[in-house]
Amino acid sequence: MLLPAVVLVGIFSYGPMLGIVMAFQNFIPAKGFFESSFVGMDHFRYMFQLPDFRQVLWNTLFIAMMKIAAGLVFPVVVALLLNEVMKDWYKRFVQVVIYAPYFLSWVILGGILFQLLSADGIVNQFLGVFGIEPILFLNSAPIFPYVLVGSDIWKNVGFSTIVFLAAITNVDPTLYEAASIDGANRWKQTWNVTLPGMLPIIILVATLSLGDVLNAGFEQVLMLYGPALYKTGDIIDTYVYRIGLIDAQYSFAAAVGLFKSLISLIMVSFSYFLAYRLANYRIF
């Protein structure tokens, strides 16, 4: 039963790892891996000398860390708010509405965002009611990272909320009864009972998300950005795509991709270590 999965992983996950050798070669497709000249660490040294790469690395870290923080805070807040809703039909309706974007690809959501955030879109029309000039959300380099974070929350908040709603259901109901007898209102019950009960899951999700510190969202950025936004919107994945597939600098792109993979491996290992120490979570 495991054989089909093992074959797929071998072909599509481990097989392509043979291409890592390109990062240490001056790779020419016509010559292949075996006849292309070996250059050692030259591409890595060149990578760290490029001002563009340092900017791309900063963009990736900045956007990814904002997404990690927002992706933790907003689902917790939404889960706490939904927990206070007394009418089941309204709670289910809200869950369906916020969960729906998760099933849509960034191709579809990108088209929706272009319509919403264009100069004559719904958002700017609404701002115009208050006398605010149109804002070029998708053409302004300083604003673009925050558009990425906001749209990422819109897409994923519903899915992430499910985890924290499940954590709330595991809180002992007798704790609420004891708090109520002691005179605690709903806000104090939330602060002193619900949040402490959710804390192990919050710590677990926060620590595991460290593995995504260099994953700022390739599909999302590729769908939304353009040359005018490279300064603040270009991330490692899109940078590799441009220099590797568009500019045909295969070896340099492989070096950048390998650098990202090594850092991600370290962060994933560190996040699992923290998850074990802080939340007693183990994968083996």
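What you see is a predicted model. The average pLDDT of the protein is 87, and 99% of the residues score at least 70. Where does confidence stand lowest, and where highest? The lowest mean, 82, belongs to helix α2, residues 32-35, while helix α1, residues 3-14, has the highest, at 92.

I turn to the overall picture. The protein contains 14 helices and 2 strands. Taken along the principal axes, its C-alpha atoms fill a box of roughly 80 × 55 × 40 Å. Of the 284 residues in the protein, 36% are buried. The exposed surface comes to about 17,100 Å², and carbon and sulfur atoms supply 70% of that area.

Next, the annotations. An unreviewed UniProt entry gives the feature "domain: ABC transmembrane type-1" at residues 57-271. In the model, that span is 75% helix and 0% strand, with its end C-alpha atoms 20 Å apart. The unreviewed entry also carries the annotation "transmembrane region" for residues 6-28, 56-81, 93-114, 126-147, 191-210 and 250-275. Two of these spans deserve a look side by side. Residues 191-210 are 90% helix and 0% strand, and the C-alpha atoms at the ends lie 26 Å apart. Residues 126-147, by contrast, are 36% helix and 0% strand, with end C-alpha atoms 17 Å apart.

Let me now consider charged pairs. Side chains of opposite charge can pair when their charged atoms come close. How many salt bridges does a search of the whole structure find? The search finds 4, and I shall describe three of them.

The pair D42 and R45 forms a salt bridge in which the closest N and O atoms are 2.4 Å apart. Both residues sit in helix α3, residues 42-49, and because they are 3 residues apart there, about one helical turn separates them. D42 has 39% relative accessibility and so counts as partly exposed. R45, at 47%, likewise counts as partly exposed.

A second salt bridge joins E84 to R186, with 2.9 Å between the closest N and O atoms. E84 belongs to the loop between α4 (51-83) and α5 (88-99), whereas R186 belongs to helix α10, residues 186-208; the pair therefore ties together parts that are 102 residues apart in sequence. Are its two members buried or partly exposed? E84 has a relative accessibility of 27%, which makes it partly exposed. R186 is partly exposed as well, at 43%.

From charged pairs I move to nonpolar residues. The largest nonpolar core has 20 residues, and those touching the most other members are M47, F53, Y239, F252 and V256. Which helices each supply at least two residues of this core? They are α3, α4, α13 (236-246) and α14 (250-279). The biggest share comes from α14, which gives 7 residues. If its neighbours within four places in sequence are left aside, M47 is in contact with F53, F252, A255, V256 and F259. Another core lies apart from this one; it has 19 residues, including I63, W106, F144 and V221.

Where is P101 placed? The residue lies in the loop between α5 and α6 (106-117). Its relative accessibility is 7%, so P101 counts as buried. Along the chain, P101 and K155 are 54 residues apart, yet their C-alpha atoms are separated by 4.9 Å. Not counting residues up to four places away in sequence, P101 touches L109, W154 and K155.

To close, I would bring two places back to your attention. One is the pair E84 and R186, which ties together parts that are 102 residues apart in sequence. The other is the core to which α14 gives 7 residues. Thank you for your attention.

Technical notes:
Residues are numbered from 1 along each chain as its sequence is written. Side-chain values use heavy atoms; hydrogens and water are left out. UniProt positions are given in the numbering used here, feature names are shortened, and annotations may be inferred rather than shown by experiment. Helices (H or I, at least four residues) and strands (E, at least two) are DSSP runs, numbered from the N terminus. A salt bridge is a side-chain nitrogen of Lys or Arg within 4 Å of a carboxyl oxygen of Asp or Glu. Buried means under 20% relative accessible area, exposed over 50%, partly exposed in between (1.4 Å probe, protein chains only). pLDDT is the predictor's confidence in each residue, from 0 to 100. A nonpolar core is a set of buried Ala, Val, Leu, Ile, Met, Phe, Trp, Tyr and Cys residues joined through side-chain atoms within 4.5 Å. Contact means heavy atoms within 4.5 Å. Accessible areas come from the Shrake-Rupley method with a 1.4 Å probe; for residues, only the protein chains shown count as cover.
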